[in-house]
Amino acid sequence: MNFDDTPQEAEFRATARAWIGANAPRQYEEELRKSSLGRTQLKNANILEVAKAWQKKKADAGWACLHWPKEYGGRGSSPIERVIWQQEEGPFGKLSHMFIIGHGMCGPTMMAFAREEHKRKYLPPLASGEKVWCQLFSEPAGGSDVAGLRTRAEKDGDDWVINGQKIWTSGAHYSDYGILLTRTDPTVPKHKGLTMFFLDMKSPGVEVRPIKQASGASDFNEVYFTNVRIPDHQRLGEVGDGWNVSLTTLMNERMSIGAGVSTGFPELFEYCSSLMLVDGPAIEDRAVRSKLANWAVKASGLRYTSMRAISALSKGERPGPENSIGKLVAGSMIQDVATYALDLQGAAGVVSGPEDAELAGRFQAMLLRAPGTRVEGGTDEIMRNIIAERVLGLPGDIRVDKDVPFNKIPTKGRN
Amino acid sequence: MNFDFSDDQKQLRDQARKFLAEKCSPKAVRVVLDGKATYDKELWKGLAEMGFLGVAIPEEYGGAGAGHLELCVIAEEMGRANAPVPFSSTVYLAAEALLIAGSDAQKKKWLPAIASGEAIGTLALFEGKGNPSPKNVKLTAVNGVLNGVKKPVADGTIADFAVVAARTGSSGRENDISLFLVDLRAGGVEIKSLTNLDPTRGQAEISFRDCRVEPLGAAGEGWSILTAVLDRAAVLCAFEQVGGADRALEMGRDYALDRIAFGRQIGSFQAVKHMLADMYVSATLARSNSYYGAWALSTNAAELPEAAAAARISATQAFQHCAKNNIQVHGGMGFTWEFDCHMYYRRANAMALGLGSLSYWEDQLIDRMRKKNAA
């Protein structure tokens, strides 16, 4: 048992470290290091532009999408090299946020299902960040129950005509392309009538409207489709096989989002180490210490769980199912951590404006963003179902709509 | 990075699991649970023959000379089987105290006897209510003569010897405390059995009256030796707790698959599924924290104090959580003496207190994290 690199890994790490040292945008390092959930921005620069420039620089030197094949813009690296890169990239990795969906979900789906000429055309600019992709799955009527979606695709000559609405689409407002799950046959049970496409987000009839979130910010969008035409050669997988195609995407979603979960604990520990309460330093208060200890072991437990997964990668094995706990644990933890940080501030915790609030409102921003972490990429409840069914082998839910044609499934809870 | 046990160590784990499945069935545990024996003597003999009692004891003292990682994998299996033997008292506490502070003669006398299963040892630290603290040690040692009462002492009724913490000064500092090695068969020792939460591991009150004893380690070094012993034991106990938590989770899962209610497997209800998923989450966090503790223990890393406290807290929580919800999944049957659920519930809650309670370790963890940050 050890934490050492193999000689090969050490060599790769040294190369990566040297390149990052010479090329990373150091002027933003401190700000990026201090940014946390709900508050990732740069004071004097547009973070999207900085992110795109860093991604392009990495791509030009062969450091983008490391685990992708070289012909599609990657480096052909092993999974462990990808992890080492992420470790070395450190706070600059936060600049990859806008590419997570494209690199983590759309890319792998294209790689598995697109035609060869499309892969060669679309994947390299996706890897380099010159083109940004989004994922168009969720709908007002289909969140956790994604297969309940209603956006229609109807064949018309060599094209498909799309009508409907998507929601919760991250980054649709700056995306160039998207992968889109549609219903092509409403007369068969819901999982059987779906088909996947990719499309140009600038196509006529696509309208993107930002959603004002509960936090007040807008990271997500609604996307409306009105007679949007997609050529049949942009179909991914067979007609009616969209559900299986989407499973590839969603498996990748859970892995990529789970990889970089933040718990809020380092921020809280740092805060409590300097905070003074009436009776003395917060860190010397028994109640504070007990809370901190309980979160400390969750945070360390997640850290060492991912190290176990990394060890498996290092040996060329598949990581075990234990990594599936990351998002579930971190999502509710960061919400609790933020709530407690405000509790320690007393009535002043209510002030959230960056100019007047404690720590420029860091924990207030975290609190307001936190509910989203427990919903996006699979709700806490869906994550528990996944653990129960796929890890523990418990029965799937009884699905009353399983054999019912989609257009016969009730659409209202009560009249 | 290789943050995992080696293939040899995993093989040892399989070997221990197989051995315990055969020799330490729930039926065997019940002999002790029902008070028909104080511990499982046959199993103890078998553990010695397998080389498990001395796995981390150096060869020159009659052990296998393997190491702490090997001891960790065996500990996990002992916890999984709920073994009714004085393994933790003898191996994690007494043997580790001897390894850390014993003279060559003391090691030669006791370690081979531990490895061969002839001697049972324990640590006598507590004196009634309260967590580990020099202030809670009232029992005195004057010129090598002990006077005072220790309770509870785990496995005290069956132990042959004990490491005893005694007050040798009154400055109010840690160096008031020294350790002594006491042959419990000697004169001046009176042992009384205490009814306790977990009958598969006895607890005792031990009174020392003008009891002549030999020192273990240097005078005034007792508290720092104890701290080191408790850290090691915290990691090793964490593996027992992880083993117990996993077993309780498995029992709950299996019952949820077998039991039909409302015409369905109860494991198909989300209320039950989610309870079991949460048990898996705590067991996984505990396992990962414990692995880190094992790494720190086996390499004697500077991180050991922090790693041990984290493993202790995480594993204690996980075992308690899994044991109590295993009963909940079983419903009424889980609350019967006949079902095995309560054995794990008892063990989980007894283990949560044995080395000092959760609130003590929470406090330790934060102190140690602060020290690390200051360094």
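This is a predicted model: local features need pLDDT of at least 70, side-chain atom pairs count only at pLDDT 80 or more; totals for chains, interfaces and linings use all residues.
**Entry 1: an annotated stretch of chain A**
I started with a UniProt record. Its unreviewed entry puts "domain: Acyl-CoA dehydrogenase/oxidase N-terminal" on residues 50–130 of chain A. I looked up what the chain does there and got 59% helix and 0% strand.

**Entry 2: an annotated stretch of chain B**
Next I took the other record. UniProt, again in an unreviewed entry, lists residues 144–211 of chain B as "domain: Acyl-CoA oxidase/dehydrogenase middle". For this span I found 57% strand and 0% helix. Its end C-alpha atoms sit 8 Å apart.

**Entry 3: two helices in chain A**
I picked one helix pair to look at. Two packed helices are described by the angle between their axes and the distance between the axes.

Which residues make the contact? From α1(A) I listed A:Glu9, A:Phe12, A:Arg13, A:Ala16, A:Arg17 and A:Ile20. From α4(A) come A:Ile80, A:Glu81, A:Ile84, A:Trp85, A:Glu88 and A:Glu89. Sorted by class, the contact has six nonpolar residues, six charged and no polar.

**Entry 4: the domains of chain B**
I then checked how chain B is divided. I got domain 1 at 7–118, domain 2 at 122–220 and domain 3 at 223–374. Taken over C-alpha atoms, the centres of domains 2 and 3 of chain B are 28 Å from each other. Where these two domains touch, 15 residues of domain 2 are in contact with 14 residues of domain 3. On the domain 2 side I sorted the residues into eight nonpolar, four polar and three charged.

**Entry 5: where chain A touches chain B**
Last, I looked between the chains. I have 36 residues of chain A in contact with 38 residues of chain B. On the chain A side, the elements giving two or more residues are α9 (286–314), α10 (326–345) and α12 (380–391). Which of chain A's elements gives the largest share? It is α9(A), with 16 residues. By class, I put the chain A side down as 20 nonpolar, eight polar and eight charged residues.

Conventions:
Residues are numbered from 1 along each chain as its sequence is written. Chains are lettered from A and ligands numbered from 1 in the order in which they are written. Two residues are in contact if their C-beta atoms, placed from the backbone, lie within 7 Å. Helices (H or I, at least four residues) and strands (E, at least two) are DSSP runs, numbered from the N terminus. Ala, Val, Leu, Ile, Met, Phe, Trp, Tyr, Cys and Pro count as nonpolar, Asp, Glu, Lys and Arg as charged, and the others, Gly among them, as polar. Domain bounds come from an automatic or database domain assignment. UniProt positions are given in the numbering used here, feature names are shortened, and annotations may be inferred rather than shown by experiment.
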